[in-house]
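Dear colleague,

Please find below the structure that I am handing over to you. My notes on what was found in it follow directly after.

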Amino acid sequence: MLAFRFSFSTLILLCFNFIIPLSAQNFDDVIIKSEQLSDKIYMLTGAGGNIGICVGEDGIFMIDDQFAPLSNKIKTAIKEISDQPIRFVINTHWHGDHTGGNENFGTSGAVIVAHENVRKRMSTEQFMQAFGRKVPPSPDKALPLITFPETINFHLNGEDIIAFHMHNAHTDGDAIIYFPNSNIIHMGDTFFKGRFPFIDISSGGSIEGIIAVCNKVLFLSDEQTKIIPGHGTLASKTELTNYRDMLMIVRDRVKKAVIDGKL
Ligand SMILES: [Zn+2]
C-alpha cells in the first residue's frame, strides 16, 4: 500500500502543470479581467487562482485573492463592477496563489473565512513535497478570522451562498462555493480545467478525494451550470464530466501499472 501511494504520488507530481510560481514573479504586466456570469456574480482572472465575486447592496463577497502584489489591481477591477465594500473573502484552500492577498484585503476591512485546516496550515511552516520547498507561516493579518469544519452559509445580495468542505482532495482544507440561486459553483483547485490535476499530497490531498468532489459537483449541476475552476476558463458540466473521467482513467492505469510491477 505504501509502495502504491509513493508510486502514484510520484506519477501525479510528474504529470501536473502547476501554477504557483516557484520564484519571484513580475506582476507588472498582469491584467485583471472580469467575466460576468450572472447579474451579481463575476469571475476575475489575472495570475493565480480564479477569483469569484458576488456583488450587490449588501456588499461584496469574494472567493480567493491571488497574489499580494496584485491586490490593488484586483481592487481596481472590482471597483469598476461595484463601489460597495468587500465584506468577506473566502479561501478555497491555503496555497499562496489563492490566499496571497489575504493580508491586504483583511487590512482593508474584509473578514477572511476558510476551512479550519487552511488556518492551521497558514499558521505554521509548510513543506510542499512537490517542489521540495518550505513555505513560511503567513502573517497574523492574513489568517482567516472565521473557520468552519464542514459547511458555512452566507446570505448576501439575494444569494444563499453555501461553502462546503470536501475531505482530502486537492488539499485537506478545500472548500467548494455553491450559489444555488444562480446555478454557479467555484471548485477551487479541485478542478484544473484542461490540465492534469495537481494533488498536493503533502497537504493531505488524494486522487479519490478529487474524484469525489467532481462527482458531488456533477450531482449539483445541470447543463446550464457555470463552473469556475481553480485554473483555466469557465467550464460546463460536460467539461467537468470529461475531467472526472480522465482522472478515473489515470487512476486505474496507474493502479494496474503498480499491480503489474511497472511502477
Ligand atoms: Zn492549489
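Helix α7 covers residues 237–259, and its 23 residues reach 33 Å from the first C-alpha to the last, close to the 33 Å expected at 1.5 Å a residue. The expected span is 1.5 Å times one less than the number of residues in the helix. Helices (H or I, at least four residues) and strands (E, at least two) are DSSP runs, numbered from the N terminus. The buried residues of α7 are Leu240, Tyr243 and Val254. Here a residue is buried if 20 or more other C-beta atoms lie within 10 Å of its own, exposed if 12 or fewer, and partly exposed in between, with C-beta atoms placed from the backbone. Just after α7, Gly261 has a positive phi of about 80°.

Two points concern the basis of the model. This is a predicted model, in which local features need pLDDT of at least 70, side-chain atom pairs count only at pLDDT 80 or more, and totals for chains, interfaces and linings use all residues. Residues are numbered from 1 along each chain as its sequence is written.

Confidence

The pLDDT is the predictor's confidence in each residue, from 0 to 100. Its mean for the protein is 92, and 91% of the residues reach 70 or more. Over residues 1–23, however, pLDDT stays under 50, and the model has 25 contacts beyond four places in sequence for them. Two residues are in contact if their C-beta atoms, placed from the backbone, lie within 7 Å. Where pLDDT is low, the predicted coordinates should not be read in detail.

The seven-stranded sheet

Seven strands form an open sheet with mixed pairing, in the order β1-β2-β3-β4-β5-β6-β9. At the edges stand β1 (33–36) and β9 (146–148), each with a single partner strand, so one side of each is left without a neighbour in the sheet. Neighbouring strands of this sheet are turned by 20° against each other on average, direction ignored. Strands count as paired if DSSP finds at least two bridges between them. Axes are lines fitted to C-alpha atoms, for helices over the stretch in contact, and angles run from 0 to 180 degrees between N-to-C directions.

Strand β2 (residues 41–45) runs antiparallel to β3 and is joined to it by four bridges, with Tyr42 opposite Ile53. The two strands form a hairpin with five residues between them, and Gly48 in its turn has a positive phi of about 105°. In β3, Ile51 and Ile53 point one way and Gly52 and Cys54 the other, and all are buried.

Strand β3 (residues 51–54) also pairs with β4, in the antiparallel sense and over three bridges. Across this pair, Cys54 stands opposite Phe61, and Gly52 stands opposite Ile63.

Four bridges join β4 to the parallel strand β5 (residues 86–90), where Phe88 is the bridge partner of Phe61. From β4 the chain crosses through helix α2 (residues 71–79) to β5, in a right-handed β-α-β crossover. A crossover is right-handed if, with the strands pointing away from the viewer, the path from the first strand over the helix to the second runs clockwise.

Strand β6 (residues 111–115) is parallel to β9, with three bridges between them; Val113 has Ile146 as its bridge partner in β9. Helix α5 (residues 116–123) lies across β6 and β9, at about 105° to β6.

The five-stranded sheet

A further open sheet of mixed pairing has five strands in the order β10-β11-β12-β13-β14. Its edge strands, β10 (151–156) and β14 (226–228), each pair on one side only. Neighbouring strands here are turned by 15° against each other on average, direction ignored. Helix α6 (residues 207–220) packs on the sheet, touching β11, β12, β13 (184–186) and β14, and its direction makes about 155° with that of β11.

Strands β11 (residues 159–166) and β12 (residues 174–179) run antiparallel and are joined by five bridges, with His165 opposite Ala175. Ile177 belongs to β12 and is buried, because 23 other C-beta atoms lie within 10 Å. Leaving aside neighbours within four places in sequence, Ile177 is in contact with Gly52, Ile63, Ile90, Ile161, Ala163 and His186.

Yours sincerely
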